[in-house]
Amino acid sequence: MLLFQPIPAKLISPSSLPCQRIRRLRRRARPPSASINVGSGNDDTFTKYSGYLFRNGVSSEAEFLTEYDVSAIAGIYRRKPLLVLRRFTQISATFGRWFAQRYLDSVNERSDEMFKIRAAELRMILLELGPAFVKIAQAVSSRPDVIPPAYLEELSLLQDRIAPFSTEEAFRIIEKELGMPVDMLFSEITPEPIAAASLGQVYQAKLRTNGKVVAVKVQRPGVQAAISLDIYILRYLAGVARRVGKLNTDLQAVLDEWASSLFREMDYRAEARNGKKFKELYGGLKDVLVPEMYIDLTSQRVLIMEWVEGKRLSEVKDLYLVEVGVYCSLSQLLDYGFYHADPHPGNLLRSSDGRLAYLDFGMMGEFKQELRDGFIEACLHLVNRDFDGLAKDFVTLGLLPPTAQKDEVTKALTGVFQNAVNKGVRSISFGDLSGNLGVTMYKFKFRIPSYFSLVIRSLAVLEGIAIGFDPNYKVLSSSYPWIARKVLTDSSPKLRSTLQTLLYKDGMFQIDRLESLLTESLRARTEDTLDRDQAAESDDSRTKAIKQVLSFTLTEKGAFVREILIQEIAKGIDALSVATFESVTLTTASRLPLFIPYASSSTTLGKEDITNLRTLRRLLMILSTLQKPGSEVQQLRVDYSEENKINSVEEVSLVLNEMSSAPDLLPIISVFPELPSESQQQLLQLPVDLASRLLSRAVARTIRRLFN
């Protein structure tokens with residue numbers, strides 16, 4: 001729900017509502033015991049069309065539910081079969097007429113001509129049917145790459161342009177819920193709501209106690225009863241659809257997850273607590289604004305929070321704030337697991353001071369640690385084309401049953417994702433990933449866990465907003481660098497095991513993968529690198545990149561990667577010393593009078609030593625290209641396309657050539673004074689650790705030769 005839509009100039013400042021006017025409105029308001037009036041000419045569309053759902057207390061029992069309870073709702077409406085039948089008939093007939101009209105349009109070849117008209121009619125149908133259907137439509141109203149433009153335009157109006165209920169009724173609810181007269185709570189309040197949505201409407205006011213400008217959100221009367229009945233009906237239809245379609249996904253469980261979130265959203269006390277927790281976790285992030293919640297002045301149906309001035313993010317072409325949103329969303333999903341599950345365009349604002357403001361914390365989600373790790377692993381396996389690992393991740397995430405045939409699933413996933421992944425991580429979109437997945441999901445009994453749709457939605461909405469003004473934007477392109485940094489620095493045993501498995505295949509170090517992770521992690525937009533006015537590549541940005549690499553490799557977070565690098569460098573130097581020694585020995589012996597030629601020098605080193613030399617050369621090249629803007633990792637791989645044809649002598653020559661460019665390493669040395677003391681100590685300790693590893697390898701090699 002959009003709390004603070006751009007409003008006319010006369011309402012930018014709080015409009016003073018004289019105390020006499022407040023008292024008149026309060027006197028005109030009905031007493032708390034009165035039933036809701038649904039017959040006035042000022043009723044909104046939903047009340048006019050479906051007011052019978054809560055007229056004369058017919059569904060009052062549902063209004064007292066404090067949380068989503070399937071059995072309790074079923075118990076209420078099983079005793080009211082005529083009400084359920086009437087509502088079911090109303091829903092079926094309403095949608096039936098619309099689909100019939102669409103069918104006639106196609107028969108009469110008028111589909112294109114009537115497209116916009118039918119889109120507007122669908123919006124009116126959703127408004128008539130009420131909050132449950134409006135919330136469902138909002139869930140798909142942020143995808144310009146999926147929803148036709150005419151429908152997208154109409155559905156976007158559901159975010160905040162819904163007819164409000166009467167102010168008299170709203171003031172009555174405020175006074176009943178908070179136990180105080182309106183004029184005792186506020187010194188000023190707007191006479192009409194600033195914005196209205198499916199669940200409630202918002203007034204701008206000034207607190208009498210401290211003069212702070214606040215938003216006062218008041219819940220629409222009867223909304224809980226109406227939503228409860230619609231969920232009861234939809235849940236029945238979901239069960240029928242699953243049985244008839246022989247679907248593997250438990251549609252009722254998915255609906256229950258969404259309904260649970262929706263019920264929590266209708267409890268404004270829970271929303272205030274969520275907002276407070278969200279502010280504590282993410283309010284300190286760069287360019288993120290989370291309004292203050294007035295918990296002491298909040299009840300189940302009235303919420304008072306800090307007023308935020310701004311415009312909807314989807315209306316301002318600010319890709320930087322989308323990047324901020326991606327960073328914040330990833331922090332929500334993968335750092336703390338407490339995430340905003342309803343980030344539709346109405347809940348994301350560009351504040352007047354240029355920050356990204358989050359609003360409406362009624363629908364939140366929890367992402368458990370094992371699922372977070374599984375999500376990261378799935379992204380890594382997808383990008384690295386490890387489809388066998390991806391199949392296992394789908395089991396971990398609950399998308400596949402443990403009994404699924406892994407080999408067959410791997411083959412199918414390869415066919416689905418190969419083309420999308422071949423474009424490169426920076427070109428993958430959610431649309432690419434969903435290409436032919438539907439057929440594969442049905443064949444292998446995929447199921448959609450109840451949590452999954454909310455998690456994916458939280459990122460898909462951001463991509464949808466960005467696509468609106470940058471068709472080439474890919475949220476995964478912004479997300480993967482952050483994931484790469486996460487897997488390189490996280491101390492989670494599971495992620496460290498994943499990194500170990502990723503970097504070593506059949507015992508061989510996969511330098512390409514480390515290279516990719518390091519390069520992508522430097523592209524991550526973290527708090528340190530999020531910069532609205534970030535300049536093009538320069539000496540300063542190169543120094544910053546070097547500091548970033550050293551920062552995570554020389555701290556406790558980068559200890560695991562540091563150990564791997566030291567180990568691989570030690571292997572390379574050891575192989576280099578052996579090759580050099582044998583080369584010198586061979587050259588010296590060749591000058592002796594009794595020298596007898598033997599096998600070619602290209603075979604003096606074993607396969608493992610040659611591999612270690614290549615790894616050392618690649619590591620040296622990474623350090624070199626780190627200081628050369630525009631040198632892409634992909635170019636390095638092209639240079640290595642013929643590496644298997646290089647013999648040991650040539651490999652030694654190439655390594656020595658890389659080492660001869662030592663002056664290129666001066667920028668690394670220059671940032672040493674700028675590093676924290678902990679990092680400086682670790683940097684000074686590196687030669688000692690490296691020497692220790694070399695000594696161990698030399699001793700082990702000597703022992704092997706003695707006993708061979």
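## Aromatic pairs and the cluster

Rings of Phe, Tyr and Trp (its six-membered ring) are taken to pair if their centres lie within 6.5 Å, with planes under 30 degrees apart counted as stacked, over 60 as edge-to-face and the rest as tilted. On that basis, F278, Y282, Y336, Y358 and F361 form one aromatic cluster, and the structure holds twelve aromatic pairs. In the pair of F95 and F133, the ring centres are 5.9 Å apart and the planes stand at 50°, so this pair is tilted.

## Basis of the model and overall make-up

This is a predicted model, in which local features need pLDDT of at least 70 and side-chain atom pairs count only at pLDDT 80 or more, whereas totals for chains, interfaces and linings use all residues. Residues are numbered from 1 along each chain as its sequence is written, and side-chain values use heavy atoms, with hydrogens and water left out.

The chain has 30 helices and 13 strands, where helices (H or I, at least four residues) and strands (E, at least two) are DSSP runs numbered from the N terminus. Of the 708 residues in the chain, 52% are buried. Among the contacts in the chain with a separation of 6 or more, 75% are accounted for by residues 24 or more positions apart, contact meaning heavy atoms within 4.5 Å.

## The pairing of α5 and α6

The axes of helix α5 (residues 81-107) and helix α6 (residues 111-129) come within 10 Å and cross at roughly 175°; such axes are lines fitted to C-alpha atoms, for helices over the stretch in contact, and the angles run from 0 to 180 degrees between N-to-C directions. That crossing makes α5 roughly antiparallel to α6, given that angles over 145 degrees count as roughly antiparallel, under 35 as roughly parallel, 65 to 115 as roughly perpendicular and the rest as oblique. On the α5 side the contact includes R87, I91, F95, W98 and D105, and on the α6 side it includes M114, F115, R118, E121 and L129. The residues of this contact divide into nine nonpolar, four polar and five charged, with Ala, Val, Leu, Ile, Met, Phe, Trp, Tyr, Cys and Pro counted as nonpolar, Asp, Glu, Lys and Arg as charged, and the others, Gly among them, as polar.

The loop between α5 and α6 contains E109, a residue other than glycine with a positive phi, near 55°. E109 is exposed, with a relative accessible area of 72%.

## Covered helices

Helix α21 (residues 475-489) has 15 residues and reaches 22 Å from its first C-alpha to its last, close to the 21 Å expected at 1.5 Å a residue, the expected span being 1.5 Å times one less than the number of residues. In α21, 15 of the 15 residues are buried. Helix α23 (residues 511-522) has twelve residues and spans 17 Å, close to the expected 16 Å, and nine of its twelve residues are buried, including R513, E515 and E520.

Helix α9 (residues 167-178) has twelve residues and reaches 16 Å, close to the 16 Å expected; ten of its twelve residues are buried, among them E168, F171, R172 and I173. Just after α9, G179 takes a positive phi of about 70°. In the loop between α8 (149-156) and α9 lies F165, which counts as buried at 8% relative accessibility. The C-alpha atoms of F165 and T47 are separated by 8.7 Å, although these residues are 118 apart along the chain.

## Two buried loop residues

R301 lies in the loop between β5 (288-289) and β6 (302-306) and counts as buried at 17% relative accessibility. Leaving aside residues up to four places away in sequence, R301 touches E63, I173, E177, K217, V218, Q219 and Y268.

D360 is found in the loop between β10 (356-358) and β11 (364-366), where it has a positive phi of about 60° although it is not a glycine. D360 is buried, with a relative accessible area of 1%.

Notes. Buried means under 20% relative accessible area, exposed over 50%, partly exposed in between (1.4 Å probe, protein chains only).
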